[in-house]
Amino acid sequence: MVDVFSGRLLVSKDGHSVDPEEALKNKVVGLYFSAGWCSPCRDFTPVLCDFYTELVEESQSPAPFEVVFISSDHSAEEMVGYMHSMHGDWLALPFHDPYKHDLKKKYNITAIPKLVIVKQTGEVITDKGRKQIREKGLSCFQNWLEGADIFQNFSS
């Protein structure tokens, strides 16, 4: 993951800059391509919030998982509003960072919402994160973890 965001900063929900190398180290990462104006996005975001909360915040041993939001909102204000009203306590690529276009191209994003689950290297584990969460719930995380080559004791 360090490879994907190398030399860049991410932002937290409260607007603080975050070093991706530290925040994403040894974690499975969900790249969440989404926007507040998108109805299917607004439909899935609460599902992703619940998934993230159960996996990371309410678990006795937090899962090695992080979400990075890649915005397709029309303005920085829209992005911040969407993050504050609907998002979990996860990270985002700053709105004005042109790198979001490179990420959309790299991961072949043609429609949103899209949740691409990636390894530390940025290599895709699955580009069907949204479908898997909807169909399998928390149990899909174990498959992602195995695909990520992160060896930890984790039970869902």
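**View 1. Helix 2 packs against helix 5 at an angle of about 60 degrees.** In this predicted model, helix 2 covers residues 39–57 and helix 5 covers residues 129–136. Their axes sit 11 Å apart. As for handedness, helix 2 goes past helix 5 in a left-handed crossing.

**View 2. Here are the residues where helix 2 and helix 5 meet.** On the helix 2 side, look for P40, D43, F44, V47, L48 and F51. Their partners in helix 5 are R130, I133 and R134. Sort the residues of this contact by type and you get 6 nonpolar and 3 charged, with no polar ones.

**View 3. The largest nonpolar core takes in 52 residues.** Which residues have the most contacts inside it? They are F5, Y32 and F65. Helix 2 turns up again here: it supplies 8 residues, the largest share of this core. As a bit of background, nonpolar side chains in soluble globular proteins tend to be buried together.

**View 4. N108 sits in a loop.** The loop links helix 4 (99–106) with strand 6 (114–118). Is N108 buried or exposed? Its relative accessible area is 57%, and anything over 50% counts as exposed, so N108 is exposed.

Note on methods: Residues numbered from 1 in each chain as written. Predicted model: local features only at pLDDT ≥ 70, side-chain atom pairs only at ≥ 80, totals over all residues. Heavy atoms only, no water. Axes fitted to C-alpha atoms, helices over the stretch in contact; angles between N-to-C directions. Helix = DSSP H or I, 4+ residues; strand = E, 2+ residues; numbered from the N terminus. Left-handed = near helix turned anticlockwise from the far one by under 90°. Contact = heavy atoms within 4.5 Å. Nonpolar A, V, L, I, M, F, W, Y, C, P; charged D, E, K, R; others polar. Core = buried A, V, L, I, M, F, W, Y, C linked by side-chain atoms within 4.5 Å. Buried < 20%, exposed > 50% of the residue type's maximum accessible area, 1.4 Å probe, protein only.
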